[in-house]
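Me: I would like to go through the labels used for this model and see what each one rests on. Please set the values against the definitions.

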Amino acid sequence: MSLIDNINKAFDHRIRLGIMSILMVNDHADFKMLKELLGATDGNLASHTKALEKEEYIKVEKQFIGRKPNTRYSATKLGKLQFKKHIEALEKLIGK
Amino acid sequence: MNPNKYLEDITEIKKMMNRSSRFISLSGLSGVLAGIYALIGAYFAKKTLVEHSAMDAAAYSQRNSMPLQDNLTLNLAFIASCVVIAAMLTGIILSIRKAKKSDESIWNKVSRRLVFHFFMPLFAGGIFCIALIQNGSSGLVASATLLFYGLACVNASKYTLGDVKYMGLAFIILSLVSTQFLGYGLYFWALGFGLFHIIYGGLMYFKYERS
């Protein structure tokens, strides 16, 4: 198995990489927080979270805080595992 | 894909992990200034104490049983408040400036978490110190303030530059030593809040800001 096999295509984008990084060190983050940290537009961020959700790497919870709708994201076990593998693969590729 | 892209990815991951969990705009310079304010405050506090001839450490044991004279307490409280307010304002202003430079928002989930975890032990400590004074153990107040401040720094270090932890540990050790030298509280205060802040702030300034 070559190292490249561990490079996960689902993380091959700056925004997705950012979303996963944030969710690795925070239990959860809401849409606004992700947007601020990543400097992405609503539409852009939404499409990337959808892609990660489809892979079941992140979990999406919609709830209301008072009357305001709030979307909260967290990384799934699978997502954390895959992301760790991805980081390890990146580190090995650089280390060569 | 080229290797540079991998390196960029790793850098991005680290940046996002830090940015989303730690408030890194804490200014080192404000630590130095806070230390200087503390030393100025200690100078005035000592002057006030000398004027009330309450500085003789040998007479400490007799003094401990008596409540502090009211206007002396008030004067000291005034000096302490000035130092705290000046230090906090400087810290806030310099951190806002630093956050603007690095394009980080100042009041977000991360900084709120930092403020909460820093002030929780401090509030508990403040109330505990009031209880000490109420019960006539005012001699331990200096040690208690140093101890709770140290604990607050250790507690907050998870949410900002990790180096704050080492300053917190230094404060904790200093406070425990000071419990054996009652009556010299002001000197321990000057050493901790003055000197430790200046050293820490200076180190942080050279490590993270001077570029």
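Reply: A definition to start: axes are lines fitted to C-alpha atoms, for helices over the stretch in contact, and angles run from 0 to 180 degrees between N-to-C directions. The model is predicted. In it, helix H7 (residues 164-178) of chain B packs against helix H8 (residues 185-209) of chain B at an angle of about 165°, and their axes are 11 Å apart.

Me: Why is H7(B) called roughly antiparallel to H8(B)?

Reply: Angles over 145 degrees count as roughly antiparallel. The angle here is about 165°, so H7(B) and H8(B) are roughly antiparallel. Their crossing is right-handed.

Me: What makes the contact between H7(B) and H8(B)?

Reply: H7(B) contributes Met167(B), Ala170(B), Phe171(B), Leu174(B) and Ser178(B). From H8(B) come Gly185(B), Phe188(B), Leu191(B), Gly192(B), Phe196(B) and Tyr200(B). The cut-off for a contact is C-beta atoms within 7 Å.

Me: Where is confidence lowest in chain B, and where is it highest?

Reply: The lowest is in helix H3 (residues 60-65) of chain B, with a mean of 50, and the highest is in H7(B), at 97. Chain B as a whole averages a pLDDT of 87, and 90% of the residues score at least 70. Where pLDDT is low, the predicted coordinates should not be read in detail. For the complex, the predictor gives an ipTM of 0.84 and a pTM of 0.78.

Me: What is the secondary structure of chain B?

Reply: Chain B has eight helices and zero strands. Its C-alpha trace spans about 80 × 25 × 25 Å along the principal axes. Of its 211 residues, 32% are buried.

Me: What makes E1 and E2 of chain A edge strands?

Reply: Strand E1 (29-30) and strand E2 (58-65) of chain A each pair on one side only. The open sheet has three strands in the order E1-E3-E2 (chain A), with antiparallel pairing.

Definitions and conventions:
Residues are numbered from 1 along each chain as its sequence is written. Chains are lettered from A and ligands numbered from 1 in the order in which they are written. This is a predicted model: local features need pLDDT of at least 70, side-chain atom pairs count only at pLDDT 80 or more; totals for chains, interfaces and linings use all residues. Helices (H or I, at least four residues) and strands (E, at least two) are DSSP runs, numbered from the N terminus. A residue is buried if 20 or more other C-beta atoms lie within 10 Å of its own, exposed if 12 or fewer, and partly exposed in between; C-beta atoms are placed from the backbone. Two strands pair if DSSP finds at least two bridges between them. pLDDT is the predictor's confidence in each residue, from 0 to 100. Angles under 35 degrees count as roughly parallel, over 145 as roughly antiparallel, 65 to 115 as roughly perpendicular and the rest as oblique. A crossing is left-handed if the near helix is turned anticlockwise from the far one by less than a right angle, and right-handed if clockwise. Two residues are in contact if their C-beta atoms, placed from the backbone, lie within 7 Å.
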